Amino acid sequence: MTTVPVPADSLFGVQNLPYGVFSVGGSAPRVGTRLGDAVLDLAVLLGDDVFARPSLNAFMAQGHDRWVAVRREITARVVGDIPAEAVHAVDDVTLHLPVEVADYVDFYASEHHAANLGRLFRPDNPDPLMPNWKHLPVGYHGRAGSIVVSGTDIVRPCGQRKGTDDPGPVFGPSVRLDIEAELGFVVGTGSAMGDTIPVAEADRHIFGVVLFNDWSARDIQAWEYVPLGPNLGKSFASTISPWVVPLLALQPARVPTPVQQPAVLPYLAMDPPWGLDVDLSVRWNGTEVSRPPYREMYWSPAQMLAHLTVNGAPSRTGDLFASGTISGPGRDTRGAFIELTWGGAEPVDVDGEQRTFLEDGDEVVITGSAPGRDGVRLGFGEARGRILPARRS
Ligand code: MN
């Protein structure tokens, strides 16, 4: 038996206990939790084979009451002696994609982000928001199969682009490759076709939260998105953090969303809607260029899930919906480079260089943390990715 020391300022103390999937050496991936700088093998710790699987899906499918019970059991077990064979140093393990992602939807829930993009793309329109924006959480269906775990290299996408003055489209590597710093919400249990998930029940369906980078090729996106929305400009890759922070751990981080005015329709009404006080950080080649505040998001996760299912569309274990770019009111809180550099017109200093969009070899790391109880902070790990050159042009 052994014990795991946890420094008082660790982002992975007993209040967090996120879930991930790890392997050691050539062993088969299995579910673990993180405590301090250790990864605990949950199949060994709890003696339950539901954790001897390469994804969280089987455990998530057991439902909310089971999530509560397991969290209570882990909390009780980690404060005492732990079987040594359940403990691995985090530096000795490989972290894998924690969830077998079913369907994926990306929203657009930041008013600051939506208004900034409105000003950039529709400068002559007096209202930077589209008429629907405050009535429903705008979103689009993305590509679940290209969601990858932190550390996966991102190949620069090729595609069509057409500048406003170009006579026709050209094909080649994207020249305006960008990020979107977001949170992703993992659906633990879904709803049958024809059913809905009301806002008041959403937190029994949402299993946990990850950091999310929605890599975006702005030039491909700008040419393709009318009238059906983003497609190849985003479907090439999205990066998530390896640790899924349980929604159960984020109770102390709940905050009301900003005031929603005009009043929303009854199926979206909450009193008040709850958001999350998560601070994100975006580092570009080691330089922190932004600190997006999730608490500023206009639409709450419960409203996004209720909207996703209000038409009777089925949802299922492993569904992932992301918040959309997180931007606050200040320039240094903008979660996408197109906003941060105002369409490329105002470069930012990255380690002494003036930069606008991503170059080959660039690395972006998104981190985040949220308040727990008694001044403790809970970490999300990181969503890291490096840009590789395009493979064809
Ligand atoms: Mn996005």
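I started with Ser174 in this predicted model, and Ser174 is buried at a relative accessible area of 2% (buried means under 20% relative accessible area, with a 1.4 Å probe and protein chains only). I note that local features need pLDDT of at least 70 and side-chain atom pairs count only at pLDDT 80 or more, while totals for chains, interfaces and linings use all residues. Residues are numbered from 1 along each chain as its sequence is written, and side-chain values use heavy atoms, with hydrogens and water left out.

I placed Ser174 in the loop between β11 (170-173) and β12 (177-178) (strands are DSSP E runs of at least two residues, numbered from the N terminus). Leaving aside neighbours within four places in sequence, I found Ser174 in contact with Arg156, Pro157, Cys158, Ala217, Asp219 and Ile220 (contact means heavy atoms within 4.5 Å).

Next I looked up the manganese ion. Its protein donors are Asp106 (OD), Glu180 (OE), Glu182 (OE) and Asp214 (OD), 2.1 to 2.2 Å away (donors are N, O and S atoms within 2.8 Å of the metal, or 3.2 Å for Na, K and Ca; water is not among the atoms, so sites may look incomplete). Glu182 sits in β13 (residues 181-187) and Asp214 in the loop between β14 (206-213) and β15 (216-217), so this pair ties together parts 32 residues apart in sequence. I checked burial too: Glu182 is at 0% relative accessibility, and Asp214 is at 0%.

Last, I followed β20 (residues 279-284), which pairs antiparallel with β25 (residues 363-371) over six bridges (pairing needs at least two DSSP bridges between two strands). Trp284 has Val364 as its bridge partner in β25, and Trp284 stands opposite Thr287 in β21.

Methods: Helix = DSSP H or I, 4+ residues; strand = E, 2+ residues; numbered from the N terminus. Buried < 20%, exposed > 50% of the residue type's maximum accessible area, 1.4 Å probe, protein only.
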